[in-house]
Amino acid sequence: MSGRLELWLFVLQRMSAMVLAPLVLVHLGTMIYAVQGGLSAAEMLSRTQSQVIWPVMYGIFIVAVAIHGAIGLRAIIREMTPLLDTTASAIAVLFCLLVLILGFNAVEAIA
Amino acid sequence: MPDIRGYGALSGCAQEKNEDRALTAVETDKTLKVDIWRGGEDGYYQSFTVPHENSQTVLDVVTYVQRKLDPTLSYRFSCRVGMCGSCAMTVNGRPRWTCRTHVDLVAEDGCIEIAPMRNFPRIKDLAVDMTVFFDKWRDANARFVPTEAELDGFAEVDPDSRERKEASAAIECIGCGICYAACDLVSWNPDYLGPAALNRAWTLVNDVRDGDPNGHLKAVAGDAGCHACHSQQGCTSHCPKSLSPTASIAGLKRKSFAALLKGAL
């Protein structure tokens, strides 16, 4: 595996973490605020469909999670299992695609 | 026996009891139970009883065993004053420089367990093979690349410059291997260059006289280089010279990122 690839993965993981940090705070804050008056699908949908910012925010969230999680998963597999590096990378790519598909499926549902 | 006169008058009975306690304490402090690893990868702990002395170091204990009890015990030491980095061992589960580790600091209920350093191939008893450790200094390109002939005179390095301060903070490594033994990442990924080699590379990246700073960064930005570090700081918490290889590795991450953006890598 080339040094440049490792370096780019490192940079991508740090940058995706920088994107994730404020979004997680907004997500948690919204959850705490939203559950005050009870939790229902209708209430959630009315909020997420009221402004385009919500699906956009969660779309960015999904992309950042897919990148960040996949790179982290790859590192864990490489360090903690006897699997080959190429296998670890393949699993990470599949994980990334799975998160993107499931995530954007969910974003589409709340948009 | 401790001098109790400064603590006021005691009754004869109380004084006698006090003396009894003191004597008991001295008796139990007279000896140490020392378990020492014997053999190579497949070995066992052998127990020895060693006299407990004042200001005794763990290296003193090992030397006593080798000279008085079992001359076949193998271990490595040289300077005995914390300069050469030869005598590192695992003492009660932690990597330490034994020549500067006092028994009273580490003994638990009068017992000490001494083993070879973790993450190194074991040769015999307490001696480990350091080859892989120093090979990684080479792999990290952790050697000075000269630019000018000596005849051109001394290079002027501003002692207050940021580079000089960064290099100074990391330069006192004695190559003992304790950071390497303390690093969990080395145990997970045997190819990982390790804290000492990366720390040395960091001093060279900050050496304004060095002719190839990007060459050093290229060597450590590889698959098992600085970006593999999890910043767990096992190296920093165990370094006997109080260096912070973790900080050096973080510096290499920053510098290699900047070099990548500039297209230098």
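**View 1. Burial and overall form of chain A.** In this predicted model, buried residues account for 18% of the 111 residues in chain A. Along its principal axes, the C-alpha trace of chain A spans about 50 × 25 × 20 Å. Take the contacts in chain A between residues at least 6 apart in sequence: 71% of them join residues at least 24 apart.

**View 2. The two domains of chain B.** Here the domain assignment places residues 31-128 of chain B in domain 1 and residues 131-261 in domain 2. The C-alpha centres of these two domains of chain B are 29 Å apart.

**View 3. Where domain 1 of chain B touches domain 2 of chain B.** Zooming in on the contact, you will find 15 residues of domain 1 facing 14 residues of domain 2 in chain B. Strand 3 (88-91) and strand 4 (94-97) of chain B each supply at least two residues to the domain 1 side, and strand 4 gives the most, with 4 residues. By residue class, this side of domain 1 of chain B has 7 nonpolar, 4 polar and 4 charged residues.

**View 4. The contact of chain B with chain A.** Chain B brings 13 residues to this contact and chain A brings 9 residues. On the chain B side, the largest share is 4 residues from helix 11 (residues 245-261). The chain B side divides into 5 nonpolar, 5 polar and 3 charged residues.

How values were computed. Residues are numbered from 1 along each chain as its sequence is written. Chains are lettered from A and ligands numbered from 1 in the order in which they are written. This is a predicted model: local features need pLDDT of at least 70, side-chain atom pairs count only at pLDDT 80 or more; totals for chains, interfaces and linings use all residues. Domain bounds come from an automatic or database domain assignment. Two residues are in contact if their C-beta atoms, placed from the backbone, lie within 7 Å. Ala, Val, Leu, Ile, Met, Phe, Trp, Tyr, Cys and Pro count as nonpolar, Asp, Glu, Lys and Arg as charged, and the others, Gly among them, as polar. A residue is buried if 20 or more other C-beta atoms lie within 10 Å of its own, exposed if 12 or fewer, and partly exposed in between; C-beta atoms are placed from the backbone.
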